[in-house]
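Please keep the structure open while reading.

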Amino acid sequence: MGGIPAEKKSRDVTMFCGKGGVGKTTSAAATALNRAAAGRKTLVVSTDFTPSLRDIFEVNSSDKPARVTDNLYLDEISYGDVKAQWEKKFGPQMYDVFSTFVDIDYGEFTSFVATILPGIRDEFMVDYIRELSESGRFESIVWDTAPAGQTLGLLRMPSLMNHHLKPAARIYSSLKATPNMKRSVLGVIREWQELSDRDMEFLRSRVEFSIVTIAEALAVRQLDDLFSEFNGYGLTMDRLIVNQVVEKADSSFLETKARMQQGYLAELKGRYGLNSCILPLLPYEVKGIERIREVERRLFGQIDQQAG
Ligand SMILES: Nc1ncnc2c1ncn2[C@@H]1O[C@H](COP(=O)(O)OP(=O)(O)O)[C@@H](O)[C@H]1O
Ligand SMILES: [Mg+2]
C-alpha cells in the first residue's frame with residue numbers, strides 16, 4: 001500500500017463506529033488480526049460497557065490486556081477503569097475544593113460526580129485511549145466502540161467540555177471564596193480544558209475512523225448524521241464498510257433481500273465513493289480466530305485489489 005499520505009502513517013489508532021449490530025466488533029477483530037499478522041504489536045480494545053471481544057476471540061483469560069495470539073492482545077474497558085482514570089487525574093483535587101463547601105466523604109463524592117456528569121465518562125474514554133497510544137506499548141490500537149450514540153458522545157465531549165469550562169472559569173473567579181480556594185478551582189478548570197484540547201487533538205491527528213454499516217434504510221440514513229458531525233469537528237472518515245451483503249442469492253428469500261440491498265448500495269457508492277468495502281452475509285456467526293480470519297481476508301484482500 002504505497003498510496004497512504006505520510007501524515008496518515010502516524011495514525012496508530014483505528015476507531016470503529018456505527019449503529020448497533022452492524023458488525024463493528026467483527027470488523028475491528030478482523031482488522032486487529034491483520035495488523036498483528038503484519039508483525040505489529042496490536043491491541044484490540046473495546047469501550048463498549050457490554051463488550052464482546054473476549055467472546056468472539058474465545059479468550060477466557062481475564063488478564064488486562066489478555067494475549068490472543070502472536071502480537072495480538074485484547075482489553076475491554078469497564079466503567080470502573082474509566083472512573084479510575086478520572087479519579088487519578090482530578091479526583092483528589094476536586095474533592096479538596098468541593099469538601100470545603102459540603103460535608104461528604106471521598107467515595108461518595110466520586111460516585112456523585114460520575115453520575116451527575118455522564119460526559120466525564122465519554123471524555124475519559126478518549127483520554128484512556130490517548131494515554132494508551134502515547135504510552136507506545138502497542139504499535140497499533142484497534143478501538144471498538146459501543147453503538148453510534150456513544151461514539152458521537154465520545155467525539156463531542158472534548159470540545160463540549162471545553163465550551164462549558166470557559167464560563168465556569170468566569171463564574172468561579174467571581175465566587176466569594178478565599179484566594180487559595182479560587183486558585184485551586186481555576187487550576188482544575190484550566191487543567192481540564194487542557195485535557196479536552198489534548199483529547200480533541202488526539203482524535204484529529206492520531207485516529208483513523210472506520211464506519212461500519214449495512215445496506216438498509218435506517219443505517220444508511222444515520223450515516224449522513226454521522227458524516228456531518230464528523231465534518232463539524234474537522235474529522236475525516238477514512239473507510240466505509242458495508243457488511244452483510246448478499247452475494248449468492250440462491251433462494252427467492254435471498255433474491256428479495258439482495259434486490260433491496262442493491263438499491264442502498266448504489267446510493268452509498270454514489271454518496272461516499274471508493275472507500276467502501278463490501279463484506280458478504282455469512283451463513284454463520286463470526287466467532288473464533290478461523291472465522292475472523294475469513295473476514296480479514298475479505299476486508300484486506302479487497303483493499304489490495306483496489307490498490308493494485
Ligand atoms: N457478515 C456477516 N455475516 C453473518 N453474520 C455476521 C456478519 N457480520 C457480523 N455478523 C454477526 O452479527 C452479530 C453482530 O456483529 P457485531 O460485530 O458484534 O456487531 P456490533 O459490534 O456492530 O454490534 C454477531 O453475532 C456476528 O457474528
Ligand atoms: Mg460490538
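The shell around ligand 1 holds 16 residues, and Lys-24, Thr-25, Thr-26, Leu-282 and Glu-285 come nearest. Two elements give two or more residues to this shell: helix H2 (24-37) and strand E7 (237-245). This is a predicted model.

**Ligand 1**
- Helix H2 gives the most to the shell, with 3 residues.
- By class, the shell around ligand 1 has 9 polar, 5 nonpolar and 2 charged residues.

**Backbone background**
- Most residues other than glycine have a negative phi, and most peptide bonds are trans.

**Loop between H3 and E3**
- The peptide bond that joins Lys-64 and Pro-65 is cis, with omega about -5°.
- Pro-65 sits in the loop between helix H3 (53-57) and strand E3 (66-69).
- Glu-58 is also placed in the loop between H3 and E3.
- The phi of Glu-58 is positive, near 55°, and Glu-58 is not a glycine.
- Is Glu-58 buried or exposed? Glu-58 counts as exposed because it has 11 C-beta neighbours inside 10 Å, and the cut-off for exposed is 12 or fewer.

**Strand E7**
- Gln-244 lies in strand E7, an element that also gives two or more residues to the shell around ligand 1.
- Gln-244 is not a glycine, yet its phi is positive at about 60°.
- Gln-244 counts as buried because it has 21 C-beta neighbours inside 10 Å, and the cut-off for buried is 20 or more.

Definitions and conventions
Residues are numbered from 1 along each chain as its sequence is written. Chains are lettered from A and ligands numbered from 1 in the order in which they are written. This is a predicted model: local features need pLDDT of at least 70, side-chain atom pairs count only at pLDDT 80 or more; totals for chains, interfaces and linings use all residues. A residue is near a molecule or strand if its C-beta atom, placed from the backbone, lies within 6 Å of it. Helices (H or I, at least four residues) and strands (E, at least two) are DSSP runs, numbered from the N terminus. Ala, Val, Leu, Ile, Met, Phe, Trp, Tyr, Cys and Pro count as nonpolar, Asp, Glu, Lys and Arg as charged, and the others, Gly among them, as polar.
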